[in-house]
Amino acid sequence: MSKEQSRILLGVIAYLSLVFYVFGLAGTGSIQDPVLAPAPALSPALSPATEILCFNLESKILRESDTNLGCSIDEASLGDSPINHGDIRPNVLNPVFEVRFLAAQEAAKAAGFEIRITSGYRSQALQEKLFADAIKKYGSEEEASKWVLPKDISHHPWGTAIDVNYPGDKTAVKWLEDNGSLFGLCRVYENEWWHFEPVIAPGDTCPAMMVNALESLEGLPTSANDSN
Ligand SMILES: [Zn+2]
């Protein structure tokens, strides 16, 4: 490179440096921002929608919608996932679970079956009493746990378990066993035809039933299961 070429090159570099410096200062707002601004969030219409069921508590009409469109103000959603309890103890049945049951109850009625909740949310005090009664009846905590779980573990005090028509019309409850998955409701124990939980999303398949409630204690970090 000749001296002349070097001078020209240095001149160009100096010029460009000045240009970048000036534009760099001036452009901190108006020029750079459009480039650096975060991409706008996808509009709801572009994000994937999950099908949901909406139940009108007044008219008792059940219809399909999706998670983008949602349910109308007059409707309650049946949700799009299994219903698990949180950390805070409730004092009522889980409200989405209740909507699921009410929608199922209406469908059962249309099919000629009457189903109703005979035991839903229970206080921990009541569950404790029921468990103590069961120990007297069955002779040990282990035997009792096949029918009634301790208050800390049972899903009734968490508002995520219901007993349907017990003791009563077992035939109508078979309808719920066969059709409950459409509403996200499953019978979970082989020895309790009346006990249902919202363990799936509406429309999914219910898991295989456990033999009894004692089986649900396996693997839990608790001393409630004598057999562990
Ligand atoms: Zn139960």
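Against which strands and which helix do the buried residues of helix 3 pack? In this predicted model, the buried residues of helix 3 pack against strand 1, strand 2, strand 3, strand 4 (117–119), strand 5 and helix 6. The legends below take up helix 3 and its surroundings, and then turn to other parts of the chain.

**View 1. The chain as a whole contains 7 helices and 7 strands.** Read from the N terminus, the elements follow one another as α-α-β-β-β-α-β-α-α-β-α-β-β-α. Of the 228 residues in the chain, 26% are buried. When contacts between residues at least 6 apart in sequence are considered, 53% of them join residues that are at least 24 apart.

**View 2. Three strands form an open sheet with the order 2-1-3 and antiparallel pairing.** Strand 2 (62–66) and strand 3 (75–77) are the edge strands, each of them pairing on one side only. On average, and with direction ignored, neighbouring strands of this sheet are turned by 35 degrees against each other. Helix 3 (residues 95–110) packs on the sheet, where it touches strand 1, strand 2 and strand 3, and its direction makes about 75 degrees with that of strand 1. Strand 1 (residues 51–56) pairs with strand 3 in the antiparallel sense over 3 bridges, and Cys-54 has Ser-77 in strand 3 as its bridge partner. Strands of a sheet pair through backbone hydrogen bonds, in either a parallel or an antiparallel way.

**View 3. Helix 3 has a length that agrees with its number of residues.** At 1.5 Å a residue, its 16 residues should span 22 Å, and the end C-alpha atoms of helix 3 are 23 Å apart, which agrees. The buried residues of this helix are Phe-97, Val-99, Arg-100, Phe-101, Ala-103, Ala-104 and Ala-108. Leaving aside residues up to four places away in sequence, Ala-104 touches Leu-176, Gly-180, Phe-183 and Leu-185. After helix 3 comes Gly-112, whose phi is positive, near 95 degrees.

**View 4. The largest nonpolar core holds 35 residues.** Leu-78, Ala-103, Ala-104, Val-164, Leu-176 and Leu-185 are the members that touch the most other members. At least two residues of this core come from each of strand 1, helix 3, helix 4 (124–138), strand 5 (162–164), helix 6 (170–179) and helix 7 (213–216). Helix 3 gives the most to this core, with 6 residues. In soluble globular proteins, nonpolar side chains tend to be buried together.

**View 5. A further open sheet has 4 strands in the order 4-5-7-6, with antiparallel pairing.** The edge strands here are strand 4 and strand 6 (186–187), and each pairs on one side only. Strand 4 and strand 5 run antiparallel and are joined by 2 bridges, with Ile-117 standing opposite Val-164 in strand 5.

**View 6. Lys-146 lies in the loop between helix 5 (141–144) and strand 5.** Is Lys-146 buried or partly exposed? Lys-146 counts as partly exposed because it has 18 C-beta neighbours inside 10 Å, whereas a buried residue would need 20 or more. Not counting residues up to four places away in sequence, Lys-146 touches Asn-191, Asn-212, Ala-213 and Leu-214. Although Lys-146 and Ser-216 are 70 residues apart in sequence, their C-alpha atoms are 9.3 Å apart in space.

Note on methods. Residues numbered from 1 in each chain as written. Predicted model: local features only at pLDDT ≥ 70, side-chain atom pairs only at ≥ 80, totals over all residues. Buried ≥ 20, exposed ≤ 12 C-beta atoms within 10 Å, placed from the backbone. Contact = placed C-beta atoms within 7 Å. Pairing = 2+ DSSP bridges. Axes fitted to C-alpha atoms, helices over the stretch in contact; angles between N-to-C directions. Core = buried A, V, L, I, M, F, W, Y, C linked by C-beta atoms within 7 Å. Expected span 1.5 Å × (residues − 1).
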